[in-house]
Amino acid sequence: MNAIEVKNLKKSFGDFQAVQDATFSANAGEVLSLLGPNGAGKSTTISMLSGLLTPTGGDASIMGHSVTKEPELAKASLGVVPQDIALYPDLSARENLVFWGKMYGLRGAALKSRVDEVLEIIGLTDRQKDHVGKFSGGMKRRVNIGAALLHKPDVIIMDEPTVGIDPQSRRHILDNVKELNRQGMTVLYTTHYMEEAAELSNHIAIMDKGRVIAYGSHDELIKMVGQETRIDVTLNAEAEKILDAWRATEGVARIDSLDGKITALVDDSNRVLPRLFDAASKHGVRITSVDIQEPNLETVFLHLTGRALRD
Amino acid sequence: MKILAIAIKDLTRSFRSAFAIGMMVVAPLMLTGLIYFAFGSMSSGDVSMTAIKVGVVNADKLPDNSVLNVPIGDNIRSMFFDESVKSWIEASDYADEASVRAAVDKQEIGVAVIIPQNFTERYLSGKKDVQVLIVSDPTLSIGPAVVEDMVTMMVDGVAGGGIAIETIMERLQANGIQPNPTQIPSWIERYTNWYADFQRNLFHHPDKAVLVLVAPAADETKTANPLAQMMGLTMVGQMIFFAFFTGSNSMMSILREDEEGTLARLFTTPTNRTNILIGKFLAVFFTVFLQGMVLMAAGRFAFGIQWGQPASVALAFAAQMIAAVGLGVLLISFVKNTKQGGPVLGGGLTILGMLGGLFTANIPGGMPEAFNVIGNFIPQGWVLKGWRMALDGSAAGDLLIPFFITITMGIVMFAIGAMMFRKRYA
């Protein structure tokens, strides 16, 4: 049984199709990342999985429980870490955790001991009595995660948990995700940082414009672009002067221009790069910078959409 | 259990908010307290006044062959030494004008009453150049005015006596009876005694006075202490206004949670959305209940307010809670966010409070009839009616009509608001 099963999930707001026929799954005990730029439909997808939004079509299940037919059971198996801090600033870290624990049905001694454990996991035992409103952004993020772990869920959904935090807290969160996964928790992790997706995930679903455009393991996705290398070039002239000539150059698989920067996917940068310089000289264009990147998820996204992931 | 946990969490947050506590308890008590201090202390149920210190110089003598037995000056002096005024006038005799003026200058006394040597003789002969001199401390206002009134009344009484004697003489002569001059002193004495007794009774023995004001209260304490009743109405007006404010402000917690993201997070937990809403409504009830209890206790102990018979108070209080929560739920169900909530609470509830008569509850004689008619369409107006009856000592049975009208309004408002919230969130 898949821990997460998403089949032809749809969500529209009026005429706008936020999610279109999304299909993917995650085995129990693995980390699945939803990777995509802002507005790709990641948050809408997890809002449907966590019961916040009702799907317009299709269905999804958490540990075999349909989110549309058995929402309470699906939610009981799920811990959700929202993108923004969703805590009570005028309650202490401990009071927040106790409250959220109660919302997941924990009581009495079990609640108390689990809150102690979670405080230990998030490294805030010594600050447990302080109001969350007084915490730094990173500490708030940790409590935000802790609140989703109290009932030891089978599946945890983390919606861009590292947005806008310092590197130290980010590292702490990524390590937490790995540790939770090591303990057997299935993690659905949304991000627009390909490094995070690459580091954490067993499987990655790449989303763009409401659709899942690619799904597979990191290696499987990289293979989609073969051995293509990404080359970013900036010029001292308008890109249009050279673009057609470069497109016709042998070894260039794809070439796009955005905001004065030209991005090319090539099969072998050592062979192709001199040809690009030659063509530029013939057209009187001077190359001012070159950046070569080995195939990665960014390359995959570019290959599939023609746009960079962070555009 | 989850419902209770949500309610307790909301209560904890409310009672940790300085603004909420200020608007729940501090503001109504402070406003009532200001009025209380403006009208004087009543904690013991008495209206006490600092005694007026009066110095009297009585140089008046009875002229030879006077028809009077005692000089008028003696009557004026005796007013200030009378047993009946001892609680509020401290009188002392002075030998002459210089010594009594010096006492005023040193603020040993507040008012000096100087009766000249030949006052009786000149007054009875109709000469208007004679007068009782009143010298007062310029920093005082009420004391000198009271003393002046007392002297004027006594002198007017004497003048009235003169007119009475002249009238008797004229009537006797008109009927062919020659009056006996030896009887005149006894007539004057009888008139003087009657007049002095009348004045004393008028102000100190309400049972014998010409006009007796009787408040329509069943409770004897309130009859004896009308200011306490006024404070009761003031406190009720404040309590109702701030109960409605608290009801709406507490209900705003749902908007705050929506903005904080915690409401969405609550919806991701295995908690029924209806239960989440019920938990939040319960918190509003608890908050309004606790606020009311604190204000009633504070009103009783700080301002000596007699709230009425327990059953009547319970009905008025229950109606207030239901109406405050109902209106709160309804109002906030129309509000999109906390920014909108501020003006709605501040403006809307103030206007409704004014129309409901909350700020004019203690005006003697009440407001124009139009206000009473408008009040019939406003929940605050009916809550006030219930409290008025409770304060007047009415039995619980008498409060049933305002009680049922108020809770009907409250339940209808609550139902509409809850339906809108369900539509929006559940």
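This is a predicted model: local features need pLDDT of at least 70, side-chain atom pairs count only at pLDDT 80 or more; totals for chains, interfaces and linings use all residues.

Student: OK, chain A first. What's the strand order in its open sheet of 4 strands?
Tutor: The order is E2-E1-E4-E5 in chain A, and the pairing is antiparallel. At the edges sit strand E2 (16–27) and strand E5 (65–66) of chain A, each pairing on one side only.

Student: How many bridges join E1 to E4 in chain A?
Tutor: There are 5 bridges between strand E1 (residues 2–13) and strand E4 (residues 57–62) of chain A, and the two run antiparallel.

Student: Remind me, what holds paired strands together in general?
Tutor: Backbone hydrogen bonds, with strands either parallel or antiparallel.

Student: Now chain B. Is the pairing in its open sheet of 4 strands mixed, or what is it?
Tutor: Mixed, with the order E2-E1-E3-E4 in chain B. Strand E2 (89–93) and strand E4 (133–136) of chain B are at the edges with a single partner strand each, so each has one side without a neighbour in the sheet. From one strand to the next, the twist averages 20 degrees.

Student: Which way do E1 and E3 of chain B run, parallel or antiparallel?
Tutor: Parallel: strand E1 (residues 52–58) and strand E3 (residues 111–115) of chain B are joined by 5 bridges. There, B:Gly55 stands opposite B:Ala112 in E3(B).

Student: And which strands does helix H3 of chain B touch?
Tutor: Helix H3 (residues 72–81) of chain B packs on the sheet and touches E1, E2 and E3 of chain B. The direction of H3 makes about 160 degrees with that of E1(B).

Student: Switching topics: how far does H17 of chain B reach?
Tutor: Helix H17 (residues 400–425) of chain B has 26 residues and spans 36 Å from first C-alpha to last, close to the 38 Å expected.

Student: Which residues of H17(B) are buried?
Tutor: Among them are B:Phe403, B:Ile407, B:Met413, B:Phe414 and B:Phe421. Their cover includes helix H12 (273–303), helix H13 (310–333) and helix H16 (379–391) of chain B.

Student: Last one: how many residues of chain B are in contact with chain A?
Tutor: 17 residues of chain B, meeting 20 residues of chain A. Helix H1 (2–16) and helix H11 (262–268) of chain B each supply at least two residues of chain B's side.

Key. Residues are numbered from 1 along each chain as its sequence is written. Chains are lettered from A and ligands numbered from 1 in the order in which they are written. Two strands pair if DSSP finds at least two bridges between them. The expected span of a helix is 1.5 Å times one less than its number of residues. A residue is buried if 20 or more other C-beta atoms lie within 10 Å of its own, exposed if 12 or fewer, and partly exposed in between; C-beta atoms are placed from the backbone. Two residues are in contact if their C-beta atoms, placed from the backbone, lie within 7 Å. Axes are lines fitted to C-alpha atoms, for helices over the stretch in contact, and angles run from 0 to 180 degrees between N-to-C directions.
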